[in-house]
Amino acid sequence: MFLGDAAKYTDYVAALEDVDYIYDSVGGLSTGPYVKLLLRAIKETQATIKRIVDISAGGIYGEYLSGNLPYLSAVRTQHPQYTHDQLDKPLLFANSGIPFTIFRPGLIQNGPETKIITHGPEFRAIPESEFAINRDTFARAAANALFNDDYHNQSVAISNGELL
């Protein structure tokens with residue numbers, strides 16, 4: 001694991017040494033430029049990355065319909081550049097040639113572990129009852145994406161389902 005400054009190219013270069021898989025959970029309003037910096041570092045160092053799992057913002061496609069915080073359907077109007085950057089991620093990763101999965105979780109929280117529900121960008125009606133996802137459920141989905149190639153080259157909303 002490497003912790004660094006997402007705004008520093010040299011930190012990405014250092015983090016890529018002897019790395020095969022990347023779990024990218026960089027957040028904040030500058031996440032688009034940070035993804036571009038990561039991909040530039042991978043290309044320029046010729047790192048042989050097998051797969052990237054990236055965490056994006058739930059609600060960027062308008063899939064959460066409540067419109068109330070913390071439910072993120074309002075992110076599209078509150079932060080248009082951030083939304084634009086998030087919507088660009090699938091194309092940025094696809095153009096890199098590196099296999100990827102982008103997860104767009106609602107609220108990651110404690111609670112009982114559940115089955116996983118996924119929806120692609122075209123799905124627009126995730127009810128409030130499915131918004132949250134258990135931490136363990138999410139970790140299982142991320143590990144399966146990294147090491148089993150689940151959700152290959154997809155951007156998916158991920159939320160809770162039936163209890164396990």
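Which residues lie nearest the centre of the largest pocket? Select Phe2, Ala15, Ile22, Tyr23 and Asp24, part of a lining of 20 residues.

Before going on, note that this is a predicted model, where local features need pLDDT of at least 70, side-chain atom pairs count only at pLDDT 80 or more, and totals for chains, interfaces and linings use all residues. Residues are numbered from 1 along each chain as its sequence is written, and side-chain values use heavy atoms, leaving out hydrogens and water.

**The pocket.** On a 1 Å grid over the protein atoms alone, a pocket is an open set of points where a 1.4 Å probe fits, with protein on both sides within 12 Å along at least five of seven lines; lining residues have an atom within 4 Å of a point. Colour β1 (21–24) next: this strand (a DSSP run of E, at least two residues) gives the largest share of the lining, four residues.

**Ser56.** Now move to the loop between β2 (51–55) and α3 (75–78), where Ser56 sits. Ser56 is buried (under 20% relative accessible area), at 8%. Beyond its neighbours within four places in sequence, its contacts (heavy atoms within 4.5 Å) include Gln86, Phe103 and Pro105.

**Salt bridges.** The whole structure holds five salt bridges, each a side-chain nitrogen of Lys or Arg within 4 Å of a carboxyl oxygen of Asp or Glu. Pick Arg140 and Glu113, paired at 2.9 Å, N to O. This pair links distant parts of the chain, 27 residues apart. Finish at Lys115 and Glu162, whose closest N and O atoms are 3.8 Å apart; Lys115 lies in strand β5 and Glu162 in strand β7 (residues 154–163).

Key
Buried means under 20% relative accessible area, exposed over 50%, partly exposed in between (1.4 Å probe, protein chains only).
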